[in-house]
Amino acid sequence: MYISVFPCPYHWNTCNVLIRVIRVISQDFYEVIYRRRDVRAQFNGGAIDPEALSRVLSAANAAPSVGMSQPWDFILVEDVPLRAKFAEHVEQERIAFANLLEGDRLSTFEKIKIEGILDSSLGIVVTYDSKRGAPAVLGRNTIDDAGLYSVCLAIENLWLAATYEGMGVGWVSFYQEEYLSELMDLPEHVRPIAWLCFGPVTHLEETPDLERLGWESRRSLKSRVFSNRYGSEEGLDKWQL
Ligand SMILES: Cc1cc2nc3c(=O)[nH]c(=O)nc-3n(C[C@H](O)[C@H](O)[C@H](O)COP(=O)(O)O)c2cc1C
């Protein structure tokens with residue numbers, strides 16, 4: 001629910017505080033979670049408020065990480081020719097995937113927009129530095145992927161914070177890692193994890209694109225929870241899933 005406080009009779013600073021308090025009480029935590037969408041077609045290309053971007057990136061930087069290694073970095077890509085170059089590469093990868101499909105699957109896929117690289121206001125490349133805090137990263141000794149998991153948690157924080165701020169995020173993974181590494185001048189030990197299209201949107205769709213366009217639908221929670229052993233549903237009724 002949005003409540004307008006304008007025209008505000010108080011000093012602008014008081015107004016700002018008021019707006020933030022109203023946001024806190026009107027945007028329930030779970031509401032933000034369910035409102036979040038992967039955005040492709042709804043970017044409006046508008047300007048990004050630097051303070052909002054700072055809050056969003058701070059939220060990402062506050063994510064949990066294995067051994068507190070914070071193995072992420074965020075590259076803000078404003079340069080349009082650079083983004084256009086990446087978009088061309090993504091288009092080639094989109095075609096390569098389409099070439100693997102046939103019949104209904106192909107015609108459904110052709111209706112899906114898979115990126116908003118040039119429509120969004122900013123690209124954010126999120127990377128993983130496996131050497132951060134190494135060699136003794138507490139908790140990564142047995143599971144090397146724990147570093148990657150940490151980066152994904154930072155991305156989820158970023159995504160939810162952007163939703164809270166009224167902006168959109170679209171994760172693009174139709175690329176060859178080597179291509180993006182080269183484009184971003186990444187050192188050998190730093191891996192690109194995501195290209196995020198980022199910025200103001202006209203609106204967020206209520207239903208995920210893949211569901212609306214008939215590619216895939218969300219599985220129910222009940223079908224995804226087991227009891228004591230994988231596949232067992234014994235005694236699950238009491239949890240009201
Ligand atoms: C790791 C990852 C990679 C993704 N890559 C793409 C992509 O390349 N193009 C795209 O359109 N959506 C991509 N998505 C978005 C998913 O399609 C989307 O999250 C899913 O359909 C559910 O929709 P929702 O995020 O709006 O709930 C990606 C999401 C994740 C988590």
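Guide: In this predicted model, the shell around the ligand is made up of Arg37, Asp38, Arg40, Ile114, Glu115, Trp171, Val172, Ser173, Phe174, Pro208 and Leu210. By class, six of these residues are nonpolar, four are charged and one is polar.

From the ligand shell, turn to the strands. Strand S2 covers residues 122-129, and six of its eight residues are buried, so the rest of the structure largely encloses it. The cut-off for buried is 20 or more other C-beta atoms within 10 Å of the residue's own. S2 pairs with strand S1, residues 72-77, through six bridges, and the two run antiparallel. In that pairing, Trp72 stands opposite Tyr128 of S2. S2 also pairs with strand S4, residues 190-200, here through eight bridges and again antiparallel. Within this second pairing, Ile124 has Leu196 of S4 as its bridge partner. As for side chains, they alternate between the two faces of the sheet in a regular strand.

Next come two helices. H3, residues 50-61, packs against H6, residues 146-164, at an angle of about 150 degrees, and their axes are 7 Å apart. Because angles over 145 degrees count as roughly antiparallel, H3 is roughly antiparallel to H6. The crossing of H3 and H6 is right-handed.

The loop between H3 and S1 holds Gln70. Gln70 is not a glycine, yet its phi is positive, near 40 degrees. Gln70 has 19 C-beta neighbours inside 10 Å and therefore counts as partly exposed.

Another glutamine, Gln240, belongs to the segment after helix H8 (209-212). Gln240 also has a positive phi without being a glycine, at about 55 degrees. With 6 other C-beta atoms within 10 Å, Gln240 is exposed, since the cut-off for that class is 12 or fewer.

Technical notes:
Residues are numbered from 1 along each chain as its sequence is written. This is a predicted model: local features need pLDDT of at least 70, side-chain atom pairs count only at pLDDT 80 or more; totals for chains, interfaces and linings use all residues. Helices (H or I, at least four residues) and strands (E, at least two) are DSSP runs, numbered from the N terminus. Two strands pair if DSSP finds at least two bridges between them. A residue is near a molecule or strand if its C-beta atom, placed from the backbone, lies within 6 Å of it. Ala, Val, Leu, Ile, Met, Phe, Trp, Tyr, Cys and Pro count as nonpolar, Asp, Glu, Lys and Arg as charged, and the others, Gly among them, as polar. Axes are lines fitted to C-alpha atoms, for helices over the stretch in contact, and angles run from 0 to 180 degrees between N-to-C directions. Angles under 35 degrees count as roughly parallel, over 145 as roughly antiparallel, 65 to 115 as roughly perpendicular and the rest as oblique. A crossing is left-handed if the near helix is turned anticlockwise from the far one by less than a right angle, and right-handed if clockwise.
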